[in-house]
Amino acid sequence: MNSNERKMLFGILNKMYSEEIDKEIIYKIIDSGELKYLQDNDLLFEEGSVSDSMYILINGSLLVFKQHGKELKQVGVIKKGEAIGEMGLISNEVRSASIY
């Protein structure tokens with residue numbers, strides 16, 4: 001991760017958790033993570049899969065889909081600066097939606 005990406009991620013995390021988490025912990029979170037690059041229509045994770053990680057979107061947008069019967073319906077959009085998958089880590093539940 002280059003220094004610009006690290007600064008951007010720190011800014012996002014600091015805004016999200018500035019009241020609860022010390023800056024040193026934020027840097028530990030950043031340093032233990034990895035960047036994942038997606039192209040248009042790439043699947044980040046699938047509804048029903050194990051929740052074993054969280055993501056923070058630092059650029060672009062992602063689409064949220066849920067299975068309704070045999071149909072996959074878009075139910076939301078994730079924008080720059082938003083966290084994805086953190087609730088599954090907290091609740092120990094499977095992914096509640098597919099993210100593209």
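This report walks through the fold of one chain, then looks at a few of its residues.

What you see is a predicted model, where local features need pLDDT of at least 70, side-chain atom pairs count only at pLDDT 80 or more, and totals for chains, interfaces and linings use all residues. Residues are numbered from 1 along each chain as its sequence is written, and side-chain values use heavy atoms, leaving out hydrogens and water.

**The whole chain**

Let's start with the big picture. The chain has 3 helices and 5 strands, in the order α-α-β-β-β-β-α-β from the N terminus. These elements are DSSP runs numbered from the N terminus: helices are H or I with at least four residues, strands are E with at least two. The C-alpha trace spans about 45 × 30 × 20 Å along its principal axes.

Of the 100 residues, 25% count as buried; that label means under 20% relative accessible area, while exposed means over 50% and partly exposed lies in between (1.4 Å probe, protein chains only). Take the contacts (heavy atoms within 4.5 Å) with a separation of 6 or more: 59% of them come from residues 24 or more positions apart.

**Strands side by side**

Two strands pair if DSSP finds at least two bridges between them. Strand β2 (residues 61-68) has two partners here, as the table shows.

**Residues in the loops**

Asn-41 has a positive phi of about 70 degrees although it is not a glycine, and Asn-41 lies in the loop between α2 and β1. Asn-92, not a glycine either, has a positive phi of about 65 degrees; look for Asn-92 in the loop between α3 (86-91) and β5. Are these two buried or exposed? Asn-41 counts as exposed because its relative accessibility is 68%, and Asn-92 counts as exposed because its value is 69%.

Ser-53 is also in the loop between α2 (23-32) and β1 (55-56). Leaving aside residues up to four places away in sequence, Ser-53 touches Gly-85, Leu-89 and Arg-95. The side chain of Ser-53 makes a polar contact with the side chain of Asp-52 at 3.4 Å. Such a contact is a pair of N or O atoms within 3.5 Å; within protein, one must be able to donate a hydrogen and the other to accept it, and residues adjacent in sequence count only if both atoms are side-chain atoms.
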